[in-house]
Amino acid sequence: MIDKDNIIALATPAGSGAISIIRISGSKSIEITDSLFKSKDESKLIGKNSHTITLGQIIDRNRIIDQVLISLFIAPKSYTGENVVEISCHGSSYVQNEIIKLFIDNGCRAAKAGEFTLRAFLNGKIDLSQAEAVADLISSKSSASHKIALDQMRGGFKSDIKELRQQLLDFASLIELELDFSEEDVGFANLNELKKLIHKIKETISVLIDSFAAGNVIKNGIPIVIVGEPNTGKSTLLNAILNDERAIVSDIPGTTRDTVEDEIILNGINYRFIDTAGIRATKDKIESVGIKKTFEKVESSSIVLYMLDSSVTDSNKINDSKQIINKITKDFPDKNLIIVANKIDIGDSKLIESHFKEFKHIYVSAKHSTNIDELKQQISSCIDLNEINTNSSVVTNSRHYDLLCKSFVEIQNVLKGIDNKISGDLLAIDIRQSLQYLGELTGEVTNDEV
């Protein structure tokens, strides 16, 4: 399955910089590099030890392209499991392109997207879940998402699943063996032991499935929606939290007609703040669409910040706000709701206390950034980070979640089959299917194992 071509690609981001790294992988990567490289001590790369660095020049015939450092990683002690050469050159776009072009003209081809990691997987250096974690690690934006991706790259829940799958595989083999001797009516598999194992697997998978809800939002950012009536200061609050003029601020009601989003990291967690259109009765078609989007964002958010203008004394407006808040708590009972009483510099806190004291609330002045840090602390306290701060594995990949759910169903079928004393051939089908799903998590799928 492995393409034996020698592949080359830029390993650092495209564009100019101080240093760039160009990576080459393949059986002849060292020989090709040797033919285009002249070391300072005039020694050859072939014959050098793995994990050594050599200073010299990349030369195209008699033209020196750049002075570089050549790092050697000899198979199988490399990322891809093949001979790998890394060229550390100066970060000029021209130099990068000239070196890559020279190597392509001399036996390499441009690597496809993700091909180095693909070769690492096909050569058995990493499993499928670890290969997927490479992309997660590269795209991680916070310490929490970085920790999860790094844990997954190091194996994550792979070792637990692998051990349980091997035990299940052993039982599957014994049941298949019983089928071969069905006429002799002999038994090899201890069904009581199998039942204990199934319960253990079920418990492990259940914990991993439950971790996906937290893991998914940490990977993609925890969504926080800012809602409230027009002119309560939602856009000003977003700007204050981000410390940036991200949203348009105006005294004219209904200025925000679409959602405005941006991200900030608090205590190592990535949060996505969403400023929405003000909620009110309106005949403006565009504004009405914005209000509809507001409720859609509430539904998909983890935390709701409901903005109130503490300077408002009109009891009708206060009642309108309370009705909207009651609707949110009724329709979305699982949401963390924080009442943010804005304009405290000109408002009255007693009015808020008398009408909204049963809700978690805080007084701020978004205009003067008063109590914004305290609001950030309240937001952080809404998220339970126990799963991340411990060494337990967290599922963030939707493919893993789907396979775990499918495997959980098959495991339950095995358990029901044992309780109902179904025949071994039917029990073997459910076990085989569960093994298939567990194997797909890491890319270990073959009928030869049984």
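**Helix packing and burial in a predicted model**

Residues are numbered from 1 along each chain as its sequence is written, and side-chain values use heavy atoms, with hydrogens and water left out.

Trainee: How many helices and strands are there in the protein chain?

Mentor: Both are DSSP runs, numbered from the N terminus: helices are H or I with at least four residues, strands E with at least two. The protein chain has 15 helices and 13 strands.

Trainee: Are H14 and H15 roughly parallel or antiparallel to each other?

Mentor: Axes are lines fitted to C-alpha atoms, for helices over the stretch in contact, and angles run from 0 to 180 degrees between N-to-C directions. The axes of H14 (residues 398-419) and H15 (residues 424-442) come within 8 Å and cross at roughly 160°. Angles over 145 degrees count as roughly antiparallel. H14 and H15 are therefore roughly antiparallel.

Trainee: Which classes of residue make up the contact of H14 with H15?

Mentor: Contact means heavy atoms within 4.5 Å. Among the residues that meet are Leu403, Leu404 and Ile411 in H14, and Leu427, Ile431 and Leu438 in H15. Ala, Val, Leu, Ile, Met, Phe, Trp, Tyr, Cys and Pro count as nonpolar, Asp, Glu, Lys and Arg as charged, and the others, Gly among them, as polar. The contact of H14 with H15 has 10 nonpolar, six polar and five charged residues.

Trainee: Are the rings of Phe212 and Tyr401 stacked or edge-to-face?

Mentor: Rings of Phe, Tyr and Trp (its six-membered ring) pair if their centres lie within 6.5 Å; planes under 30 degrees apart count as stacked, over 60 as edge-to-face and the rest as tilted. By this rule there is one aromatic pair. The centres of Phe212 and Tyr401 are 4.3 Å apart and the planes lie at 15°, so the pair is stacked.

Trainee: How far apart in sequence are the parts that this pair ties together?

Mentor: Phe212 is buried, at 12% relative accessible area. Phe212 lies in H7 (residues 191-220) and Tyr401 in H14, so the parts tied together are 189 residues apart.

Trainee: How many residues of H8 are buried?

Mentor: The buried residues of H8 (residues 234-242) include Leu237, Leu238 and Ile241. They pack against several elements, including strand E8 (222-228) and helix H12 (372-381). H8 is mostly covered, and its buried residues number eight of nine.

Notes:
This is a predicted model: local features need pLDDT of at least 70, side-chain atom pairs count only at pLDDT 80 or more; totals for chains, interfaces and linings use all residues. Angles under 35 degrees count as roughly parallel, over 145 as roughly antiparallel, 65 to 115 as roughly perpendicular and the rest as oblique. Buried means under 20% relative accessible area, exposed over 50%, partly exposed in between (1.4 Å probe, protein chains only).
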